Amino acid sequence: MQNKPHIAVVFSAFMSGGAETVCLWILEALKKDYNLSLVTFTPVNWNKINALYGTNLGEDSVKTVSPVPKWLSSGVVYFFKNISQPHPWLQHLLMRYYKKHSKKFDLGISAYNEMDLQKPGIQYVHAPKYVLGRRRHERVSGYSIERMKQNLTLTCSDFVAKKYERFHGEPATVVFPPVDKEYPKVEWETKEFSFISCGRLAPEKEPHKAIELLKRVRSRGHPVKLHIVGTEVNKAYLSHLRALQKENKEWVSLHVSRPRKEFIQLLSNSRFAIHFRIEGFGITIAELMKAGCIPFVYGVGGQLEVVGKNEALIFNTEEEAFEKIISVLEDRQKQESLREYLMQQATAFETESFMNRIREHVLTFFNEPTQKVPGISKTA
């Protein structure tokens with residue numbers, strides 16, 4: 001262990017989602033070959049994390065480092081979750097802490113968007129400029145955009161890569177996020193005639209729209225059910241969802257922060273899915289495809305790359321979503337064709353592929369520090 005390079009993976013706070021998946025599988029990819037530290041505000045419970053994300057991590061492979069004492073970290077995260085625009089504050093406070101300690105590490109990897117790591121590192125960007133905030137945030141961390149641009153930038157999709165280049169004038173490399181493949185094969189005829197809506201239970205994910213849309217589908221004689229699945233991040237919105245579910249309890253179910261095994265079973269047992277949100281990638285959509293679902297997705301964002309830009313699955317308005325869903329529900333041959341297509345498309349998102357790409361980029365960083373590679377300066 002003493003001779004292995006020391007890598008810090010920097011991630012502001014675990015609130016559940018695709019970014020957390022990327023962070024954890026970066027650690028999984030590197031744990032055998034490097035000394036690893038996870039720098040984060042969030043208290044880490046590896047048993048819960050491994051059960052939720054399918055990883056096999058622990059204190060024996062990853063040292064957890066926090067800018068605040070353990071007894072205070074929960075309070076810090078709770079405070080910032082309940083103020084307006086919490087992410088920039090968390091990002092810049094963590095940046096400030098890491099920069100002071102950067103000499104301890106051979107490489108810093110930001111697993112959550114742009115970060116000034118004091119010296120060239122690697123950053124995985126899900127949403128360009130989302131956590132950069134304003135000048136008052138930058139003063140907290142002593143942020144330098146020029147130092148940030150020295151990083152090798154990886155992104156979750158071509159959609160995000162183009163946004164990053166438009167904002168910063170620098171190229172980025174696409175590395176699709178990992179999707180675990182532990183989904184049981186369930187025959188189509190034995191699956192429930194249902195839709196599933198997955199993601200954080202927050203207003204921006206808009207799972208409430210699925211209820212209204214599928215009400216119309218049911219009115220056309222298709223007795224579909226709906227499972228809304230996700231983690232609680234907004235108590236007020238969750239209360240709103242519970243009220244909607246109660247009004248439609250004969251066909252709508254709400255599953256909050258369920259164990260991963262139950263989550264996988266729900267995905268595997270549903271035939272269809274609906275997703276209204278613009279995503280940088282849309283990791284839950286890739287998971288749905290792995291589980292054998294046919295997902296319908298909104299027509300702007302990285303989720304289009306996940307479904308291979310298949311027009312039968314893409315909508316831009318709720319009316320278009322309704323029409324395309326009805327078209328698929330009433331055509332069994334179209335369902336079979338889409339299922340075969342999506343299973344093949346899903347092979348692009350294997351965990352092994354993601355980990356191999358991460359290892360390659362880290363090796364390049366250590367073995368060719370003076371080479372011209374995207375985002376790394378020759379003085380790295």
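Start at the second largest pocket, which holds about 400 Å³ of space. (A pocket is an open set of points on a 1 Å grid over the protein atoms alone, with protein on both sides within 12 Å along at least five of seven lines, and lining residues have an atom within 4 Å of a point; a volume is the space filled by probe spheres set on the points.) Select Lys-185, Lys-290, Ala-291, Gly-292 and Met-343, the closest to its centre of the 18 lining residues. Then colour helix 14 (residues 332-345), which gives the most to this lining, with four residues.

A word on the model: it is predicted, with local features needing pLDDT of at least 70 and side-chain atom pairs pLDDT 80 or more, while totals for chains, interfaces and linings use all residues. Residues are numbered from 1 along each chain as its sequence is written, and side-chain values use heavy atoms, without hydrogens and water.

Next, look for the second largest cavity, of about 60 Å³; in a cavity a 1.4 Å probe fits but cannot get out. Select Ile-26, Ile-109, Ile-122, Tyr-124, Leu-154, Ile-358, His-361 and Val-362 to see its lining. Helix 15 supplies the largest share, three residues. (Helices are DSSP runs of H or I, at least four residues, numbered from the N terminus.)

Finish at Phe-296. Which residues is Phe-296 in contact with, leaving aside neighbours within four places in sequence? Among them are Phe-195, Phe-272, Ile-274, Leu-313, Phe-315 and Val-328, where contact means heavy atoms within 4.5 Å.

How values were computed: Helix = DSSP H or I, 4+ residues; strand = E, 2+ residues; numbered from the N terminus.
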